[in-house]
Amino acid sequence: MSAHYDVLQMARQQLDLAAKHLDLDSGLQRVLAEPKRQLIVHFPVVLDNGEVEVFEGYRVQHNTSRGPTKGGIRYHQDVDVHETTALAMWMTWKCAVADIPYGGAKGSVKVNVRSLSKRELEKLTRRYATEINIVIGERGDIPAPDIGTNPQVMAWIMDTISMQSGYTTPGVVTGKPIPLGGSQGRVEATGRGVIVSTAEACKRIGMNLQGAKVVVQGFGNVGSVAAWLAEKLGAIVVGVSDARGAIYNEKGLPIDQLYHKYSGMDGGIMNFKECQPVTNEELLQLPCDILLPSAISAQITAENADKIKAKLIVEGANGPTTPGADAILSDKGVLVVPDILANAGGVIVSYFEWVQDLQNFFWEEDEVNKKLERHMQRSFGQVWDTMAHYKTDMRTAAMIIGVKRVADATVMRGIFP
Ligand code: NAD
């Protein structure tokens with residue numbers, strides 16, 4: 001059994017738990033446990049050296065009951081269709097918890113982006129966009145950035161689909177550069193939402209964010225912004241990491257400097273010298289108050305959960321904590337703010353971007369950030385209250401809200417024909 005199959009199992013286990021609390025009809029649960037559509041594509045790209053390489057990619061749409069599907073595109077060597085399906089499922093619940101009118105989707109290409117030149121990356125992106133064009137569209141399924149993709153990749157996708165449509169379609173992807181119909185605040189939105197969730201959690205558990213020691217796994221789009229905003233709010237970020245390793249300084253790292261110098265560079269933070277290098281495994285176990293896992297899935301497991309010292313974990317990444325770890329953390333009294341709530345800032349501002357694109361009317365950054373904060377605070381409050389009502393953990397509470405909203409929409413619409 002591959003590790004990625006486990007991620008889909010993990011997503012289904014979480015659904016089972018929520019379904020039990022809701023006493024969900026078994027037929028309805030079967031509908032929600034499966035993706036609506038899985039597209040697998042194989043496509044060639046001529047590399048700079050003239051050789052042809054064939055790549056495998058996916059686009060999975062999980063559920064359309066509440067609206068068009070939405071979800072990022074990931075470029076990573078370890079992706080597969082099972083993991084992509086799990087990520088699409090989580091997107092469905094996330095959009096429902098945030099109460100935005102989308103279902104979930106996810107796309108991915110099995111590739112190590114570090115091995116590609118910029119020209120090869122562009123060709124791969126344009127060909128992948130062409131292959132999945134049969135299922136995406138501004139009214140049907142709207143991709144966005146995820147691991148290994150960025151606003152430039154979104155610009156190439158938008159241009160490719162526009163060329164094939166014969167007119168410019170900014171609404172077909174979100175997370176675009178601002179001159180091409182991107183939204184103010186989108187780049188920072190996920191990290192900003194993680195910090196809004198962190199602040200809400202701190203208020204409720206009586207922890208002072210100012211002076212709290214924070215560790216962040218992953219220093220990409222989500223992790224670097226979360227670390228940067230945490231520092232701005234007075235937290236002391238003692239450890240950060242990326243795929244190549246982690247750095248630690250118990251007195252605090254100069255995050256503003258690291259953010260401006262290294263956040264776009266994979267492996268960049270290891271160039272910073274005034275710190276102690278540690279491994280990613282050690283990073284998770286460092287003494288701290290708050291842990292923000294913001295890299296990849298299944299990082300906090302039954303094997304290492306007991307060694308985690310943080311009292312609060314806020315999930316910037318999708319699926320960083322396994323169900324086995326959840327149980328151990330809950331016994332230890334660690335509060336875990338789940339991914340489908342904590343990292344929803346990205347899809348919330350993607351929704352704002354899409355609305356702005358469809359209306360051709362653009363908002364100021366301040367307006368975007370205020371609306372994001374209100375959305376996140378409202379969702380956090382609803383999940384917190386649901387947790388108390390059902391006497392469960394925050395993940396299950398968020399799942400209860402997400403699954404119920406999707407199930408209700410499915411019942412209201414009825415099963416076609
Ligand atoms: P990114 O590619 O910008 O950054 C990923 C970071 O994780 C990089 O610093 C990379 O070096 C690091 N990393 C990769 N493998 C690692 C490993 N094995 N151990 C430690 N670090 C590792 O990606 P991102 O957009 O910041 O996404 C990070 C996570 O957040 C993913 O789980 C993604 O699904 C989730 N997420 C992203 C968004 C978004 O808007 N970008 C929204 C919601 C959730």
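1. Which side chain makes a polar contact with the side chain of Asp146? Arg74 does, at 2.6 Å. Please keep in mind while reading that this is a predicted model. Asp146 sits in the loop that runs between β5 (141–145) and α5 (151–165). With a relative accessible area of 17%, Asp146 falls under the 20% cut-off and so counts as buried.

2. Staying with Asp146, its side chain also meets that of Lys106 in a salt bridge, 3.1 Å from N to O. Lys106 belongs to strand β4 (residues 103–110) and Asp146 to the loop between β5 and α5, so this pair ties together parts that are 40 residues apart in sequence. Both partners are buried. Beyond its neighbours within four places in sequence, Asp146 is in contact with Gly72, Ile73, Arg74, Lys106 and Asn318.

3. A salt bridge links Glu353 to Lys176, with the closest N and O atoms 2.7 Å apart. Since Glu353 lies in helix α12 and Lys176 in the loop between α5 and α6, the pair ties together parts that are 177 residues apart in sequence. Lys176 is buried as well as Glu353. Not counting residues up to four places away in sequence, those that Glu353 touches include Val173, Thr174, Gly181, Ser183 and Arg186.

4. Now for the domains. The assignment for the chain gives domain 1 as 31–170 + 393–417 and domain 2 as 187–337. Eleven residues from domain 1 and 15 residues from domain 2 take part in the contact. The C-alpha centres of the two domains lie 26 Å apart. Together they bury about 960 Å² between them, with 48% of it on carbon and sulfur atoms. On the domain 1 side, Arg114, Met394 and Arg395 lose the most area to domain 2, together 54% of what that side buries.

5. What kinds of interaction cross between the domains? The count is two salt bridges, and three residue pairs are in polar contact, both residues at pLDDT 80 or more. Helices α3 (81–97) and α14 (394–413) each supply at least two residues of the domain 1 side that touches domain 2. The largest share of that side, four residues, comes from α3. By type, the residues of the domain 1 side divide into five nonpolar, no polar and six charged.

6. Arg395 deserves a look of its own. Its side chain meets that of Asp326 in a salt bridge at 2.6 Å, N to O. Arg395 also forms a salt bridge with Glu315, where the closest N and O atoms are 2.9 Å apart. Arg395 lies in helix α14, and Glu315 in the loop between β11 (312–314) and α10 (323–332), so the pair ties together parts that are 80 residues apart in sequence. Arg395 is buried at a relative accessible area of 6%, and Glu315 is buried at 0%.

7. A last stop is Met207, placed in the loop between α6 (186–205) and β6 (213–217). Met207 is buried, its relative accessible area being 18%. Leaving aside neighbours within four places in sequence, Met207 is in contact with Cys202, Asp289, Ile290, Lys311 and Leu312. From Met207 to Val187 the separation is 20 residues in sequence and 28 Å in space, C-alpha to C-alpha.

Terms used
Residues numbered from 1 in each chain as written. Predicted model: local features only at pLDDT ≥ 70, side-chain atom pairs only at ≥ 80, totals over all residues. Heavy atoms only, no water. Domains from an automatic or database assignment. Contact = heavy atoms within 4.5 Å. Buried area = accessible area lost by both parts, 1.4 Å probe. Salt bridge = Lys/Arg side-chain N within 4 Å of Asp/Glu carboxyl O. Polar contact = N/O pair within 3.5 Å; in protein donor to acceptor, adjacent residues only side chain to side chain. Nonpolar A, V, L, I, M, F, W, Y, C, P; charged D, E, K, R; others polar. Buried < 20%, exposed > 50% of the residue type's maximum accessible area, 1.4 Å probe, protein only.
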